[in-house]
Amino acid sequence: MRILIAGGAGYIGSHMVKLLGRAGADLVILDDLSNGYADAITAGEFIRGDLGDAALLRRIVGTGNFDAVMHFGAFIEVGESVADPLRYYQNNVAATVTLLREMQAAGIRRFVFSSTAAIFGEPLTDLIDEDHPKRPINPYGRSKLMVETLLEDCDAAFGLKSCCLRYFNAAGADPEGQLGERHEPETHLIPLVLQAASGRRRNIRIFGTDFPTPDGTAVRDFIHVDDLCQAHQLALDHLLAGGDSARFNLGNGKGYSVRQVIDTVAKVTGRQFEVEESDRRLGDPARLVADSQRIKAALGWNPKHDLETIIRDAWQWEQKISTD
């Protein structure tokens with residue numbers, strides 16, 4: 001099994017590389033290191049380069065006899081996408097078109113795509129399933145939905161089979177402490193709270209305490225990065241076995257509030273830290289939770305990690321990088 005992994009030096013991509021490397025896959029990792037780290041690559045051959053470089057892609061896939069491509073190479077910051085939409089459309093859409101064109105020329109017909117819940121926009125239901133209306137409210141979400149549409153068209157045109165995995169809030173870290181989140185700047189809730197616990201951040205701020213939720217704080221769906229990677233492996237196996245294109249939502253199915261996250265961090269770390277309360281941010285919904293029944297039924301996916309495990313693994317990583 002020979003797999004090209006685009007963005008394999010980033011947070012989720014590097015965990016995927018470790019999982020597939022241990023399974024004995026022959027991997028080639030393409031990453032420009034704009035948001036990744038070479039020392040996070042634990043298996044395979046690493047090629048530093050731009051996903052939109054057609055000549056480079058031609059050299060890689062033209063002679064590689066790849067069975068599939070996995071794509072983790074998108075830019076992901078919502079605020080940045082609003083401020084600089086062209087950068088996001090160039091990297092997330094145009095570069096992906098280049099990749100798909102070179103895959104078509106090389107005869108590669110299987111593609112696993114890291115998508116996002118941001119394609120749905122404002123939630124209309126308590127649980128968001130795959131058929132929820134898709135009305136993204138920022139360039140990041142729109143760029144991901146554009147790629148999903150591209151993949152549908154490529155399937156109809158030349159038989160490219162793809163799985164798009166739409167996850168809500170990836171969290172946690174490698175249980176062995178080898179890998180974890182290293183975003184600069186960090187915008188994700190769990191690592192931000194852990195930075196407050198470790199002393200790298202002065203405090204943590206809650207944006208909104210008057211939502212219509214049990215404790216008044218927003219509810220979000222956190223899923224352990226290892227569970228995400230297991231879903232990607234199942235999707236890859238599905239395509240390699242001749243399966244048809246599919247779209248799946250990935251989440252824990254119940255959600256955790258911001259207050260629950262903060263309280264669980266305090267419990268796991270045994271640390272006290274300052275918590276500030278602020279007004280809601282514009283556009284923040286009260287609840288964003290996935291309905292993941294489709295992938296459970298179709299592929300047998302069974303996420304194993306709860307919030308406490310997610311935070312315990314992420315805390316191990318935070319302690320490691322905060323003392324380096």
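This is a predicted model: local features need pLDDT of at least 70, side-chain atom pairs count only at pLDDT 80 or more; totals for chains, interfaces and linings use all residues.
Two packed helices are described by the angle between their axes and the distance between the axes. Helix 1, spanning residues 11–22, packs against helix 7, residues 225–240, at an angle of about 60 degrees, and their axes are 9 Å apart. That angle makes helix 1 oblique to helix 7. The crossing of this pair, helix 1 and helix 7, is right-handed. On the side of helix 1, the contact is formed by Tyr11, Ile12, His15, Met16, Leu19 and Leu20. Helix 7 contributes Val225, Asp226, Leu228, Cys229, Gln230, His232, Gln233 and Leu236 to the contact. By class, nine residues of the contact between helix 1 and helix 7 are nonpolar, four are polar and one is charged.

Helix 2 (residues 54–61) packs with helix 4 (residues 85–106) at an angle of about 35 degrees, with the axes 10 Å apart. Helix 2 and helix 4 also form a right-handed crossing. In this contact, Ala54, Leu57, Arg58 and Val61 of helix 2 meet Thr98, Leu99, Glu102 and Ala106 of helix 4. The contact of helix 2 with helix 4 comprises five nonpolar residues, one polar residue and two charged residues.

A further packed pair consists of helix 8 (residues 258–269) and helix 10 (residues 307–323), whose axes lie 10 Å apart at an angle of about 55 degrees. Helix 8 and helix 10 are therefore oblique to each other. Their crossing, that of helix 8 and helix 10, is right-handed. Helix 8 takes part in the contact through Gln260, Val261, Thr264, Val265, Lys267, Val268 and Thr269. The residues of helix 10 in the contact are Leu307, Glu308, Ile311, Arg312 and Trp315. Six residues in the contact of helix 8 with helix 10 are nonpolar, three are polar and three are charged.

Helix 10 also takes part in the lining of a pocket. The second largest pocket has a volume of about 210 Å³. Its lining is made up of 16 residues, of which Glu181, Gln195, Arg200, Glu318 and Ile321 are the closest to the centre of the pocket. Helix 6 and helix 10 are the elements that give two or more residues to this lining. The largest share of the lining, four residues, is supplied by helix 10. Classified by type, the lining of the second largest pocket contains seven charged, six nonpolar and three polar residues.

Two features of the backbone were also identified. Most residues other than glycine have a negative phi, and most peptide bonds are trans. Leu33, which is not a glycine, has a positive phi of about 65 degrees. Leu33 is located in the loop between strand 2 (26–31) and strand 3 (45–48). The peptide bond that joins Glu184 and Pro185 is cis, with omega about 0 degrees. Pro185 belongs to the loop that lies between strand 7 (169–171) and helix 6 (189–198).

Key
Residues are numbered from 1 along each chain as its sequence is written. Side-chain values use heavy atoms; hydrogens and water are left out. Axes are lines fitted to C-alpha atoms, for helices over the stretch in contact, and angles run from 0 to 180 degrees between N-to-C directions. Angles under 35 degrees count as roughly parallel, over 145 as roughly antiparallel, 65 to 115 as roughly perpendicular and the rest as oblique. A crossing is left-handed if the near helix is turned anticlockwise from the far one by less than a right angle, and right-handed if clockwise. Contact means heavy atoms within 4.5 Å. Ala, Val, Leu, Ile, Met, Phe, Trp, Tyr, Cys and Pro count as nonpolar, Asp, Glu, Lys and Arg as charged, and the others, Gly among them, as polar. On a 1 Å grid over the protein atoms alone, a cavity is a set of points where a 1.4 Å probe fits but cannot get out, and a pocket is an open set with protein on both sides within 12 Å along at least five of seven lines; lining residues have an atom within 4 Å of a point. Grid points are joined across faces, edges and corners, and a volume is the space filled by probe spheres set on the points.
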